[in-house]
Amino acid sequence: MCFFQIIENFPFYAIYQNDYRFIIDRLVMFFSWYYIIFLFEILIVIIYFYFYSKKFVKNYDYKILNEEIIIKRGVFKIKTIIIPYDKIESIKISSGFSERIKKIYTINFEIIKGRYNILIIRLFLILIIILMWIYSLLYHLTLFQFNIIFFPLILLIGFIKSGNSIPGLKNPNIIIESIKEKMINLNQNRGNELYKSNCLVIDNFISNMVSRINEGSTFKSSLKEIREKVGLSISDLAERVKIPIKMIQQLEEGKFRPSLFIAYKIADVLMCNVEDLFSL
Amino acid sequence: MIKLKFKKVIKTRIKEFREEKSLTQKEFADIIGVSRQTIYFLEKGDYNPSLTLSFKIAELLDKPLNQIFYLESLIKIKIESLSLKELKNIASNLNIKYDKLVYLSEIDENHILKEFNKDFLRKISNELEMTYEDLFDE
C-alpha cells in the first residue's frame, strides 16, 4: 500500500459511493496500528524533551577560567567537562532550526576527540535506521509506513549535540571575546616559559633551520682552504672538535649553518678567527 | 700523546657594548629581529646563538666577533667566582698554596699536564664541586 493508494481509498471517496459500512472500514484502516504508533511516539518525544530540557537547564553550568573552560552538564548522568584552551581546535557559533526562532546561539568548542564521538553516535543511529528499513522491507511495510514510524528517530539525529558546547546564548560574542582575551594572556605567559634555557636548544635549532631556508646559498665558508693550509684531514678535525665528519663536510660546502659555539671550537683548533672561516 | 683540554663556554660582552650604544634590550631585539627573551639569555650566557645571528649582532655593534663573544674555560670562571677566603680554604684542603690554584686559571692548556698531575686535577675538580669530565676534555 502506497501513499496514493491511501488517498484513493480515503473515506470521502466512500461517501461518494454511498456505502457507509465502507467508511467504518476505512476509518479503522486509517487509524491502523502504524498511525497509532506514530502518534504515541510523537507524544513520548514531546514529553521526553519537555522534561529533559527542563532538567538539562537546571543541571547546566559553565565557568570560563584562566586556563580552561569547565562545563557541567547531563540529565541522567552528570558530567563535568574540562576543556583546556590549547586543546581547542576551533570555535563554532551555530544556531539550529528551533534556535533560530528564539534567536538563540550555541558555541561549540571543537576538539578532535569530541567531534569523533558525535560522528560515531550519529553514524550509529543512521545504521539503526538502515537496519530497521531492511527489517520493514522483509515484513512488507512500505517506505511511507516506515517513515511515519521512525520519523521521531530521524529527528533524534538532529538533537544530538556535542558535549563541548554552551547552548542557549543570546549574545555569543561576549563570551567568545572573553575567551580570546584569556587565550592571548595564556599564550603570552607560555612565551616566557618557552625561552627557559632548557628549551633554547629547540630555539637554536629552529633559528638554524629558518636561516637555512631564508638565505639559500649566501653562506660562504673557507673552512676547506684553511684546514688544508694547517694540514689537517677532515677526520682529524672532526675528532678534535668532537662533531660528526658529515657535519664538517656540510660546513665546507656551506650547506650547514653552525652555531657560534661550534664555529668557535673549529676556529680554536685551526688557530684563526671565526670571520676568516665563515662569512655571510 | 695525550692532550688535555679545558672545557670551554662562550662568554659575551653584549651588555657592555649595548649600553655603550645606549640601546635597551627591547630596541636591540627589534633591530635584529629576535625576541627580547633571546637577548636576555644571550647576555646571561645561557644561549648558544646561530652564527648568522652573531654576525648580525657584530654588525650592529660595530665590533669584531671575537671581542663580543669569546671562549672561556670553565675552571677559570669557577675560580674567578670564588672569594679569596674560599680559595684559601680549598688550597688548605689540598695542601697547596692558593697561588697555584689561581695559576690553574691562567695556564696555557698545552702545558697543563707538565705542571699538574692528573689525579691532582681530579681532586681539585672534586673540591670545586665539579667532576673531572665537567672541567677537562681529553
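For the core search, I took a nonpolar core to be a set of buried Ala, Val, Leu, Ile, Met, Phe, Trp, Tyr and Cys residues joined through side-chain atoms within 4.5 Å. Keep in mind that this is a predicted model.

Entry 1, cores. I looked up the largest nonpolar core and got 43 residues. Ile266(A), Ile57(B) and Phe69(B) have the most contacts inside it. Helix α13 of chain A, residues 260–270, gives the most to this core, with 8 residues. I then checked Phe69(B): leaving out residues up to four places away in sequence, its partners include Leu260(A) and Tyr264(A), and from chain B Ile10(B), Leu42(B) and Ile57(B). Another core lies apart from the largest one and has 21 residues, among them Leu94(B) and Phe116(B).

How do α2(B) (residues 25–32) and α3(B) (residues 36–44) pack? I found an angle of about 110°, with the axes 8 Å apart. Since 65 to 115 degrees counts as roughly perpendicular, that is what α2(B) is to α3(B). The crossing is right-handed. On the α2(B) side, Phe28(B) and Ile32(B) are among the contact residues, and α3(B) brings Ile39(B) and Tyr40(B), among others. I sorted the contact residues into 5 nonpolar, 1 polar and 3 charged.

Helices α7(B) (residues 84–94) and α10(B) (residues 118–127) pack at about 140°, with axes 11 Å apart, which makes them oblique. Ile90(B), Asn93(B) and Leu94(B) meet Lys123(B), Ile124(B) and Glu127(B) there.

Note on methods. Residues are numbered from 1 along each chain as its sequence is written. Chains are lettered from A and ligands numbered from 1 in the order in which they are written. This is a predicted model: local features need pLDDT of at least 70, side-chain atom pairs count only at pLDDT 80 or more; totals for chains, interfaces and linings use all residues. Side-chain values use heavy atoms; hydrogens and water are left out. Axes are lines fitted to C-alpha atoms, for helices over the stretch in contact, and angles run from 0 to 180 degrees between N-to-C directions. Helices (H or I, at least four residues) and strands (E, at least two) are DSSP runs, numbered from the N terminus. Angles under 35 degrees count as roughly parallel, over 145 as roughly antiparallel, 65 to 115 as roughly perpendicular and the rest as oblique. A crossing is left-handed if the near helix is turned anticlockwise from the far one by less than a right angle, and right-handed if clockwise. Contact means heavy atoms within 4.5 Å. Ala, Val, Leu, Ile, Met, Phe, Trp, Tyr, Cys and Pro count as nonpolar, Asp, Glu, Lys and Arg as charged, and the others, Gly among them, as polar. Buried means under 20% relative accessible area, exposed over 50%, partly exposed in between (1.4 Å probe, protein chains only).
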